[in-house]
2 protein chains.
Amino acid sequence: MEYLRVSEAQRVVLESVALLNAESVGLEHSLGRVLAEDIRANRDLPPYDVSAMDGYAVRSADLVQVPVTLEVIEDIKAGDMPSKIVQPGQCARIMTGAPLPQGADAVMRVEDTQEISTQLIQVVTTIKDGHDVRPQGENMRNGDVVLSAGTEITPGVIGILATVKITQMQVYRRPRVAILSTGNELEAINAPVDMNKIPDSNTYALMAQVQALGITPALLGIARDDPLELERYLRLGLEYDVLLVSGGTSVGVHDYVRPTIEKLGVSMKFWRVAMKPGHPLAFGVLHGAAAGEEAKQRDAFVFGLPGNPVSSMVCFEEFVAPSLRRMMGHARLFRRTVSARLAHPLKMRPGRTEFVRVQLTHDDAGYVASSTGTQSSGVLLSMARADGLLVMPSDSTGLAAGAQVTVQLLDGTAYQHETNIRE
Amino acid sequence: MEYLRVSEAQRVVLESVALLNAESVGLEHSLGRVLAEDIRANRDLPPYDVSAMDGYAVRSADLVQVPVTLEVIEDIKAGDMPSKIVQPGQCARIMTGAPLPQGADAVMRVEDTQEISTQLIQVVTTIKDGHDVRPQGENMRNGDVVLSAGTEITPGVIGILATVKITQMQVYRRPRVAILSTGNELEAINAPVDMNKIPDSNTYALMAQVQALGITPALLGIARDDPLELERYLRLGLEYDVLLVSGGTSVGVHDYVRPTIEKLGVSMKFWRVAMKPGHPLAFGVLHGAAAGEEAKQRDAFVFGLPGNPVSSMVCFEEFVAPSLRRMMGHARLFRRTVSARLAHPLKMRPGRTEFVRVQLTHDDAGYVASSTGTQSSGVLLSMARADGLLVMPSDSTGLAAGAQVTVQLLDGTAYQHETNIRE
């Protein structure tokens with residue numbers, strides 16, 4: 001079987017997975033989920049024309065010639081209703097958010113007026129009809145869809161849900177994810193130190209990558225290189241929506257994982273992708289028993305990830321995370337990219353798309369990317385130090401210092417050291 | 001009191017807050033926290049020279065003249081120890097991660113060899129000493145600090161913690177945050193719809209912004225414009241590390257919040273920042289009873305946020321989030337920025353730094369920013385739709401279409417629709 005290109009492998013994976021069914025969740029637990037229903041406004045907002053400023057509700061026609069003195073007939077706070085009609089030569093003191101009284105059609109900011117007495121103000125500037133007035137329904141109109149199914153629930157969206165008083169809503173459920181490490185050479189985290197073994201870091205790095213997507217994975221532990229033990233673990237793992245198996249998918253002679261997975265009914269879609277680090281990467285589907293869309297929701301997916309910790313993490317970012325996000329209803333599947341200048345030359349052997357771990361700094365001309373040092377896929381520190389993955393096209397033979405490159409941001413939360421803004 | 005510039009106000013806030021004390025947390029709950037202790041390696045990794053490939057452990061001196069036929073004396077799997085010494089003319093079949101046997105100094109990939117029989121292989125290429133060998137201690141050396149205090153716990157860091165078998169660690173604790181809305185005009189989420197009231201969205205949008213930082217805030221509810229009720233709520237809020245009060249800090253006559261806060265012993269640092277949206281924004285400190293650094297940890301901080309939902313959210317991003325992140329030990333305090341081209345002209349009245357809600361698209365030349373439409377601070381939908389905040393310098397009078405601008409990314413998770421990579 002030939003090597004798939006990264007984009008082809010992504011396409012295969014994303015065409016295989018399907019949106020999961022919906023479940024109900026409370027507003028306080030909805031951040032980061034995706035709406036599975038349309039949300040409609042339950043009133044006009046604002047419910048009537050309101051003031052956008054602290055000031056005076058005026059008749060703009062009164063201000064054609066200024067200066068002019070106006071009589072203050074009333075004090076309208078937010079939450080109050082006006083009790084009087086503003087007649088020519090009159091105005092009402094009004095707070096931000098308070099309803100505009102009848103007769104008035106504009107608001108004059110308090111800063112642009114002069115108080116002559118508690119009953120009289122002087123205005124020296126003219127304003128137009130509607131000035132500093134927020135018209136009825138500017139935010140939302142009763143019955144309109146304000147949020148449609150498929151919307152990711154961000155803090156701003158939660159503000160809108162609260163505005164229309166939704167305390168419980170339908171969202172796509174999260175996939176159930178199991179993580180399995182394989183190999184006699186692995187040492188469990190709670191086992192005593194054995195110099196001849198390799199500590200199992202993949203289980204926990206993958207756990208954290210899954211957690212970063214808002215999912216709590218099940219950690220199945222370590223399966224030894226024994227066909228029966230492996231089969232028992234894999235069978236258990238296939239009861240989840242997604243099973244991540246790290247190690248054991250190499251071309252080596254001691255590889256039991258692939259045949260065992262296939263024996264359990266998993267149809268393997270690919271097991272080689274032309275990327276570095278990342279080889280070998282396998283993907284398979286265990287088709288559900290039901291028919292139609294329902295069946296797709298019952299499919300189980302297996303990712304065979306490399307045993308190398310960096311390779312495993314990079315494959316997760318490029319293939320697993322987009323799949324899990326699609327299952328949860330997200331439209332944004334891939335890491336955000338930024339453009340950066342390369343700080344130093346980079347050599348490359350063409351043939352595979354290369355993901356180079358880089359740190360980003362910022363200067364007047366924008367981002368500067370520098371390699372985190374050794375790109376050996378065994379050196380997890382390079383991943384821990386990385387701000388992003390510089391993507392080297394597979395036909396590249398290398399880049400000179402100063403070349404423009406694309407970097408996928410690895411930040412879970414997209415913060416940076418400095419504001420980098422000119423104000 | 002004059003208006004502070006955004007950067008000045010940020011400086012005041014960040015100089016006031018201090019790192020909180022440490023607490024113990026388990027590996028499975030550590031993602032996103034910041035280490036409060038150095039972490040050391042508990043062994044050399046790899047513990048000896050190991051193979052970086054599936055192949056044959058060879059003596060590079062044997063390969064000076066090729067082709068050459070070598071005798072296979074042993075099979076070394078990952079997790080096995082070699083039992084024989086590789087003599088001239090010999091090699092050992094070796095798996096990725098398995099220890100290099102004595103005598104061998106390089107690894108020949110299986111792809112570059114030809115099997116003549118199970119005991120004999122032919123090699124046609126030469127390799128140098130150390131080729132495809134990962135030397136002992138390449139990843140980490142026993143006793144070395146592999147992660148220092150102040151490191152943010154990312155998935156890569158969790159992989160390293162698992163590697164050195166840390167299941168419990170010291171991290172800076174999270175601030176306890178309380179959220180209070182104020183104003184007679186506000187309608188609680190569980191109250192019946194009253195057309196004359198404004199639904200309280202700020203409590204929930206702020207809740208979500210706090211949650212996005214990994215903190216579960218306490219929601220104190222709505223305090224009415226009554227001095228005694230307000231004092232009771234504020235007193236309760238000041239028992240937390242950080243109190244966010246939205247509404248009630250305007251220059252209007254119905255403002256009880258500022259005097260009540262000051263009466264409770266809070267020293268107000270500023271209440272006006274030259275930004276839009278965002279005005280008015282107040283910040284104060286209630287100094288703790290103890291002395292020295294300990295005292296700083298017991299200080300309580302009050303942010304008086306605008307009642308307008310968009311203004312409140314923008315102020316949170318620019319001032320509150322950086323403060324909360326600093327208290328938790330983060331070095332990265334501010335939203336990551338990207339450079340973008342403006343899709344359309346933008347007019348501006350100079351004098352205040354303006355944060356324009358924009359959507360980002362991507363074309364061959366990079367990011368393109370377009371306004372989400374109305375920038376009225378009452379229209380929360382504009383915030384829900386925004387990918388970022390375009391920062392307009394306070395001395396700007398406007399920008400033409402095509403101008404390069406800086407956009408702060410609002411994504412909690414930094415994903416995008418397309419990979420935008422050329423492979």
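Reply:
**A helix pair and its surroundings**

The crossing of helix 1 of chain B and helix 7 of chain B is right-handed, that is, the near helix is turned clockwise from the far one by less than a right angle. Helices (H or I, at least four residues) and strands (E, at least two) are DSSP runs numbered from the N terminus.

The model is predicted: local features need pLDDT of at least 70 and side-chain atom pairs count only at pLDDT 80 or more, while totals for chains, interfaces and linings use all residues. Residues are numbered from 1 along each chain as its sequence is written, and chains are lettered from A and ligands numbered from 1 in the order in which they are written.

Helix 1 covers residues 6-16 of chain B and helix 7 covers residues 309-327 of chain B; their axes come within 10 Å and cross at roughly 30°. Axes are lines fitted to C-alpha atoms, for helices over the stretch in contact, and angles run from 0 to 180 degrees between N-to-C directions. Helix 1 of chain B is therefore roughly parallel to helix 7 of chain B (under 35 degrees; over 145 is roughly antiparallel, 65 to 115 roughly perpendicular, the rest oblique).

From helix 1 of chain B, B:Val6, B:Ala9, B:Gln10, B:Val13 and B:Leu14 meet B:Glu318, B:Phe319, B:Pro322, B:Ser323 and B:Arg326 in helix 7 of chain B. Residues are in contact if their C-beta atoms, placed from the backbone, lie within 7 Å. This contact between the two helices has six nonpolar, two polar and two charged residues (Ala, Val, Leu, Ile, Met, Phe, Trp, Tyr, Cys and Pro are nonpolar; Asp, Glu, Lys and Arg charged; the others, Gly among them, polar).

The setting includes an open sheet of six strands in chain B, ordered 16-13-17-21-20-18 with mixed pairing; strands pair if DSSP finds at least two bridges between them. Strand 16 (218-223) and strand 18 (267-270) of chain B are at the edges with a single partner strand each, so one side of each has no neighbour in the sheet. On average, neighbouring strands are turned by 20° against each other, direction ignored. Helix 1 of chain B packs on this sheet, touching strand 18, strand 20 (282-286) and strand 21 of chain B, and its direction makes about 145° with that of strand 18 of chain B. Helix 4 (residues 227-237) of chain B also packs on the sheet, where it touches strand 13 (177-182), strand 16 and strand 17 of chain B.

How values were computed
Two residues are in contact if their C-beta atoms, placed from the backbone, lie within 7 Å.
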